[in-house]
Amino acid sequence: MIKLNEKADILIKHFVEGQSIRKIARESEFSRNTIRKYIRDHEEKLQNLDKAKSRDEILTLIESLVETPEYDSSNRNKYKMNEAIKKDIDYCIKENKKRRATGMRKLQRKKIDIHEYLLGKGHDISYSTVCNYIRNTYENAAKEAYIKQLYHEGESLQFDYGEANLEIAGKNKTLNMALFTTGFGFHHYGKFYANKKMTSFLDAHVKAFKNFNGVYHEVVYDNLKQAVKRFVGPSEKEATEDLVKLSLYYGFKYRFCNAYRGNEKGKS
């Protein structure tokens, strides 16, 4: 079943980044029909929202915009990638790396060879699934580099938490500051909270977008628990459901920095 963050990724790529259905399908594991279905459904809900008159109707439609997708998956083939298969693929990639380092480049296993190797070990897995795993895990992995990033107005907004020691009514108190920094112009907007709960996290975004008189194309986060639900790979993270819903409602793309790589925000 397609997950909420996967649905959000499809909608953000189409409505925010302007990608075509064909391109989204080519870079994901979902068919054009599946992608087209969620895009049309989202467009229909947006149109209904414009026509809504009562407060209850508006709230219901807003909730439907960010609801978890549901569909009948009884006839869909099961996804057969598992940890055992991943381990065997990782072994093949590691062996290829050794062979390149020792001058045996011609003896490397190609993707089709790795697929045959897996079948020979008794795994039931398709060639396309193997290719997708290798591409997403190894070929798309970013090589470390330090490049000065320049942004246009409204393009990128960074979010982080900080602490401030204040004297209030004669008493020292430590408050949490939700801080937003624009990629262009390096402008700041901050708001103090007594805690870092999700309600504070969401409220800070609402106040910030109101302060900036609009929503930025992209919001960049560190590995905050309010933003990152779990790590799903060496550099891949799954966003929390609240962040996914927030991005869907306001129509912005979110991006995470790697651990201990604050420089990836573009501003320090």
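In which loop is Asn213 found?

Reply: The model under discussion is a predicted one. Asn213 is found in the loop between α8, which covers residues 198–211, and β4, which covers residues 218–221. The phi angle of Asn213 is near 60°, a positive value in a residue other than glycine. Most residues other than glycine have a negative phi. Asn213 has a relative accessibility of 73% and therefore counts as exposed, since the cut-off for that class is over 50%.

Ala169 is found in the loop between β1 (156–168) and β2. The phi of Ala169 is near 55°, again a positive value in a residue other than glycine. With a relative accessibility of 78%, Ala169 counts as exposed.

Gly183 lies between β2 (171–182) and β3 (188–193). Its relative accessibility is 5%, so Gly183 counts as buried, the limit for that class being under 20%. The C-alpha atom of Gly183 is separated by 9.7 Å from that of Val219, although the two residues are 36 apart along the chain.

These residues belong to a protein chain of 268 residues, of which 33% are buried. The chain has nine helices and seven strands. Among contacts between residues at least 6 apart in sequence, 54% join residues at least 24 apart.

The helices also deserve attention. His115 has its place in helix α6, which spans residues 111–120. At 11% relative accessibility, His115 counts as buried. When residues up to four places away in sequence are not counted, His115 touches Ile125, Ser126, Tyr127 and Val130.

Two packed helices are described by the angle between their axes and the distance between the axes. For helix α5 (residues 83–101) and helix α7 (residues 127–139), the axes come within 11 Å and cross at roughly 65°. The crossing of α5 and α7 is right-handed. On the α5 side, the contact is made by Lys86, Ile89, Asp90 and Ile93, while α7 contributes Val130, Tyr133, Ile134 and Tyr138. Six of the residues in this contact are nonpolar, two are charged and none is polar.

There remains the question of empty space inside the model. Rolling a probe the size of a water molecule over the atoms shows where empty space is left. A search of the whole structure finds one cavity of 30 Å³ or more. The largest cavity holds about 30 Å³ of space. Its lining consists of Lys7, Leu11, Tyr38, Asp41, His42, Lys45, Ser64 and Leu65. At least two lining residues come from each of α1 (4–16), α3 (32–51) and α4 (55–65). Helix α3 gives the most to this lining, with four residues.

To return to the part requested, Asn213 is an exposed residue in the loop between α8 and β4, and its phi is positive.

Definitions and conventions
Residues are numbered from 1 along each chain as its sequence is written. This is a predicted model: local features need pLDDT of at least 70, side-chain atom pairs count only at pLDDT 80 or more; totals for chains, interfaces and linings use all residues. Side-chain values use heavy atoms; hydrogens and water are left out. Axes are lines fitted to C-alpha atoms, for helices over the stretch in contact, and angles run from 0 to 180 degrees between N-to-C directions. A crossing is left-handed if the near helix is turned anticlockwise from the far one by less than a right angle, and right-handed if clockwise. Contact means heavy atoms within 4.5 Å. Ala, Val, Leu, Ile, Met, Phe, Trp, Tyr, Cys and Pro count as nonpolar, Asp, Glu, Lys and Arg as charged, and the others, Gly among them, as polar. On a 1 Å grid over the protein atoms alone, a cavity is a set of points where a 1.4 Å probe fits but cannot get out, and a pocket is an open set with protein on both sides within 12 Å along at least five of seven lines; lining residues have an atom within 4 Å of a point. Grid points are joined across faces, edges and corners, and a volume is the space filled by probe spheres set on the points. Buried means under 20% relative accessible area, exposed over 50%, partly exposed in between (1.4 Å probe, protein chains only).
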